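Please look over the sequence and the structure below before reading on.

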Amino acid sequence: MIDDVILSNEERMTKTVASLKEGFAALRTGRASASLFDRIRVEAYGEKSPLNQVANISVPEARLIVIQPWDKNLITEIEKAIRSSELSLNPSNDGKIIRISIPPLTEERRKDLVKLAKNQAEQSRVSIRNTRRDGNEELKKLLKDSKITQDDESKGADELQKLTDNYISQVNKVLEEKEKEIMEV
């Protein structure tokens with residue numbers, strides 16, 4: 001029973017860290033990255049599709065992204081979707097491919113992005129702590145219902161604390177890497 005509680009809480013913590021990494025992938029740095037476009041959806045064939053399902057995205061240089069639609073008729077829709085995204089990028093097309101030059105970030109913008117990353121990381125830490133709290137409440141309920149002993153409850157709470165510490169350190173590591181990436185010129 002304790003293992004079920006630990007396992008379900010570990011799963012939730014893993015998802016929290018994965019969600020943070022996904023959120024960080026969408027944060028723009030001064031370097032070109034195909035993952036910038038993970039959240040962009042394009043109107044294609046009557047429905048919204050992820051950009052990477054209607055085009056090939058490549059990064060031939062550190063500050064250049066090339067998007068080659070599989071269907072040339074979608075080029076204007078792709079361009080429109082990129083322009084209307086929160087990325088503040090200015091695509092240009094030659095009728096066959098879309099080129100996007102990634103401008104270097106200003107110092108002020110870098111600091112804003114780091115602040116944003118820190119906020120996202122803090123939200124993840126709070127989520128992990130909330131998961132621990134929920135797990136501890138589950139253990140207390142099992143103890144109250146006499147399904148586990150006091151020792152089991154204590155052992156489970158210790159395991160949850162170790163998990164929490166582990167996942168919070170993962171969040172801190174991911175944040176540190178993202179900060180370094182954002183601040184590099």
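## Asp158 and its helix

In this predicted model, Asp158 belongs to helix H4. Its relative accessible area is 47%, and Asp158 is therefore classed as partly exposed, a class that lies between the buried limit of under 20% and the exposed limit of over 50%.

## A patch of negative charge

Asp158 is also one of the residues in a patch of negative charge on the surface, where it gathers with Asp3, Asp4 and Glu159. Two elements each give two or more residues to the negative patch, namely helix H1, which covers residues 2-25, and helix H4, which covers residues 150-183.

In soluble globular proteins, nonpolar side chains tend to be buried together.

## Arg110 in helix H3

Helix H3, which spans residues 107-144, contains Arg110. Is this residue, Arg110, buried or exposed? Arg110 has a relative accessible area of 3%, and so it counts as buried, since the limit for that class is under 20%.

Along the sequence, Arg110 and Gln123 are separated by 13 residues, while in space the distance between them is 20 Å from C-alpha to C-alpha.

Methods. Residues numbered from 1 in each chain as written. Predicted model: local features only at pLDDT ≥ 70, side-chain atom pairs only at ≥ 80, totals over all residues. Heavy atoms only, no water. Helix = DSSP H or I, 4+ residues; strand = E, 2+ residues; numbered from the N terminus. Buried < 20%, exposed > 50% of the residue type's maximum accessible area, 1.4 Å probe, protein only. Patch = residues over 30% accessible without salt bridge, like charges linked within 9 Å, V, L, I, M, F, W, Y side chains within 5 Å. Areas by Shrake-Rupley, 256 points an atom, 1.4 Å probe, with all protein chains shown as cover. Salt bridge = Lys/Arg side-chain N within 4 Å of Asp/Glu carboxyl O. Lys, Arg positive; Asp, Glu negative; His and termini not counted. Charge placed at Lys NZ, Arg CZ, Asp CG, Glu CD.
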